2 protein chains.
Amino acid sequence: MNGQALSFRPLADERLETYLQRTADERLADYLDFLRIPSIGTLSDHRADMVAAAEFVAERLKRMGIDNVEVSPTAGHPIVYGDWLHAAGAPTVLVYAHYDVQPVDPLDLWRRPPFEPVVEDGRVFARGAADDKGQLHLHLWAARALLEAGGRLPLNLRFVFEGEEESGSTNFEPWLAANRQRLAADLALISDTGFFEGNRPAITIGLRGLMYAQIDVTGPRVDLHSGTYGGNVQNPANALAAIVARLKNADGSVAVPGFYDEWRPLTEREREEFARLPFDEADFARGHGLHSVVGEPGHLPLERRGARPTLDVNGIWGGFSGEGSKTIIPAHAHAKISCRLVPDMDPERTFERLRDFVLAGAPAGVDVDVRLINVGQWSLTAIDHPATEAASAALVDVFGEQPYYLREGGSIPAAALFGSLLELPVVLLGFTPPDDQAHAPNEWMSLDNYEGGLRTIVRYWQRLAEVAL
Amino acid sequence: MNGQALSFRPLADERLETYLQRTADERLADYLDFLRIPSIGTLSDHRADMVAAAEFVAERLKRMGIDNVEVSPTAGHPIVYGDWLHAAGAPTVLVYAHYDVQPVDPLDLWRRPPFEPVVEDGRVFARGAADDKGQLHLHLWAARALLEAGGRLPLNLRFVFEGEEESGSTNFEPWLAANRQRLAADLALISDTGFFEGNRPAITIGLRGLMYAQIDVTGPRVDLHSGTYGGNVQNPANALAAIVARLKNADGSVAVPGFYDEWRPLTEREREEFARLPFDEADFARGHGLHSVVGEPGHLPLERRGARPTLDVNGIWGGFSGEGSKTIIPAHAHAKISCRLVPDMDPERTFERLRDFVLAGAPAGVDVDVRLINVGQWSLTAIDHPATEAASAALVDVFGEQPYYLREGGSIPAAALFGSLLELPVVLLGFTPPDDQAHAPNEWMSLDNYEGGLRTIVRYWQRLAEVAL
């Protein structure tokens, strides 16, 4: 079972630990207050709630003595900024989390209203309890505990909390670009990931990048009668199927020439860490209603998820899709195609290779267009990077076991932007249980994960203060 | 230019020709009255109009002395039946046309209301003027002229006029099956086709059959995140593309094993007739906004349309088709696939071959289902069949030129049913100009085509009376 009980150790620093224990009720009440704000960023009628959530965060930063706190407007939802830069000689860490949450539909599947948090069996149930207001909140309290119990932070921090993560961080990139100068830091710390299956401590060291394209195949001006015209007209839907089929080999590998050219082979250590990760293929398949796990031979499933690039059709359409029959040759057909990218692949270069391969093999008699819809950079911080090692040590301090090292298959826009725009190493240190129902009804967070996470953050900052970044 | 002026000769039988000329105004008025009935069979609020159109036809059959006239109810629209069987020793011909018409939208593209017929420059503009009320109407007047001017028909006739041709003749098959005994005949004569490009007289000797199937590819229980799952899950849309691509070879031929096994090679005469037909590839491509005509090498375009089987995707769909991007692995993907069939192919056998080939090559990790949606039989009557030769001679009598012999790519359900259910040879003798806008706004019929067609029918019946069928 996932989400199983987790034990964490008290902090060795007694004054800090006493503070944390003494304020536990106040902290939980504050956490629940934060969760009561329905900060659904994608719905325009929650605009005022988004501002309220941002103000909630800003108010707490100010109250604990963080400097330069601002609720910085964007074309979308505001970004909350604040810094504390009084640890001369110590590294500066940019701390990121997001205060927006996923929509709540289907509402009827929630056992309790999503913005009326309840605590039950050590779990907090509410939208955002885990993703990501819970993780944002523990950063507020890690800083507060250090400041109130000890009067100072062990290192310099810049808090950057955004409200558009669930809608693609659209306005985060221009804000980052505009504020690049004042965001000087040594490391970006993101808390928006979680623990591994079985609720085991884990550090996410890598995320994949993305190249998302659309293929448009255009034939006759209008749909044609398949009887009258069949035999003399290139069918755009048949042509599209041929184009798409040609993109992959029978073994599941991608057939686009050069696709793997920049793939960075795994290090010995990376291979070992992948091999350490438990993964039950039968369980995975059963869980998703699949006959079997299907992927490139020669790679472990979790390697294929995190460390190999992929090509998937995200959508395909053209012609008639109703009940029964309509005998047409469709005028056009389309596919959305995306690739997940890993080090050292470049999204634009990948797009160009895809486009060139598609166009070079385009069937006669139709127009084929391939266009780029969007891109995202991959992110990877080495297992032996000092910032990763410090995170690992902090987890051992609190949970008493070596963490797993994960490379996730998806993307977090902020992670890619911190890497590409600010050129910072990125550490993804998050604490949510793996079955937290983020993005689904009845989202929850374990209070053990929260409290252990809080202590881990404190320890991480303390350890980072002693590291040369 | 199509629809160009056509000259026809008066009938040699002076009494008949005089009758036709004397009644020309009455006939036109009657034709326009028929067109005023908005007999749109597919729209349920035109049900009363359908009955009115059927009664219109029945009333005229009765008035001219046709026996056993009935408006025969079906689960859909009625079938009008009547016979005249007093030509002992002469053949019996089943005459078919349909009184239902296509819907009229987009209505704003009509220059005049579709059910308010007008005559302009020798053309009748109205929905149904050509397809098929005009052609039904000239049969009424051919019989009436022979009966009123000469007191008898030269051969035995059974009129069968249906009201569901434009909606797939759904209730025609059970009606035919139920009335098989009393429909004994030697030949089925269908007037629902037209002249060739340039308004040249033509006989349609063949129609293609149909096999329409759907392929359903099912993967995970729900759409999955392409980042988290990409690399370990067979993507149903990729799998579908691979399945569909495998159905055709690069040269456009069908790759399903055995697909062509029952293909009947063209006779020398058929090849000659195909070669006689003018076809301008550049004009065809331009007319449909295409770069080029694309089809199997080694066959003329009109052979590929009428005498070669095809395989086309009629629709394909799965996953996300909106603006922008959604990064999913679709839970399922689907395609509608149909084949046009020619002698001596069997629709069910073709389906089985397709299904077996698809299933044998189905990618791992997904469920693939192939199901038959519907079928239709092909139809072919030889150029040297006596009924074809008589039709050809009748066209020469009236229009003074050898007709073209066409094999059309589509299907007319009735033609297939007369062949398969009643086991009759089928002659498709129709007179509409090729650019008559049937199924489109501003449908029209040339009065020269109508009057020439009327005389051709008279001559055809006279000639058939002398032929051993």
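**Two chains meeting along a strand**

Let's start where the two chains join: strand β11 of chain A is linked by 5 bridges to strand β11 (residues 310-319) of chain B, and the two strands run antiparallel. To find one of these links for yourself, look for I316(A), whose bridge partner in β11(B) is G318(B). Keep in mind as you explore that this is a predicted model.

Now step back to the whole contact between the chains. Chain A brings 64 residues to this contact, and chain B brings 64 residues as well. On the side of chain A that touches chain B, at least two residues come from each of several elements, including the helices α6 (226-229), α7 (236-245) and α10 (301-306). Strands contribute in this way too, among them β10 (224-225), β12 (328-329), β13 (332-341) and β14 (367-376). The largest share, 9 residues, is supplied by β11(A), the strand that is bridged to β11 of chain B. What kinds of residues make up this side of chain A? They divide into 23 nonpolar, 31 polar and 10 charged.

Next, let's look within chain A itself. Chain A is divided into domain 1, made of residues 14-207 and 378-464, and domain 2, made of residues 209-263 and 309-376. The C-alpha centres of these two domains of chain A lie 39 Å apart. Where the domains touch, 6 residues of domain 1 of chain A are in contact with 8 residues of domain 2 of chain A. On the domain 1 side of that contact, there are 4 nonpolar residues, 2 polar residues and no charged ones.

How values were computed: Residues are numbered from 1 along each chain as its sequence is written. Chains are lettered from A and ligands numbered from 1 in the order in which they are written. This is a predicted model: local features need pLDDT of at least 70, side-chain atom pairs count only at pLDDT 80 or more; totals for chains, interfaces and linings use all residues. Two residues are in contact if their C-beta atoms, placed from the backbone, lie within 7 Å. Helices (H or I, at least four residues) and strands (E, at least two) are DSSP runs, numbered from the N terminus. Ala, Val, Leu, Ile, Met, Phe, Trp, Tyr, Cys and Pro count as nonpolar, Asp, Glu, Lys and Arg as charged, and the others, Gly among them, as polar. Two strands pair if DSSP finds at least two bridges between them. Domain bounds come from an automatic or database domain assignment.
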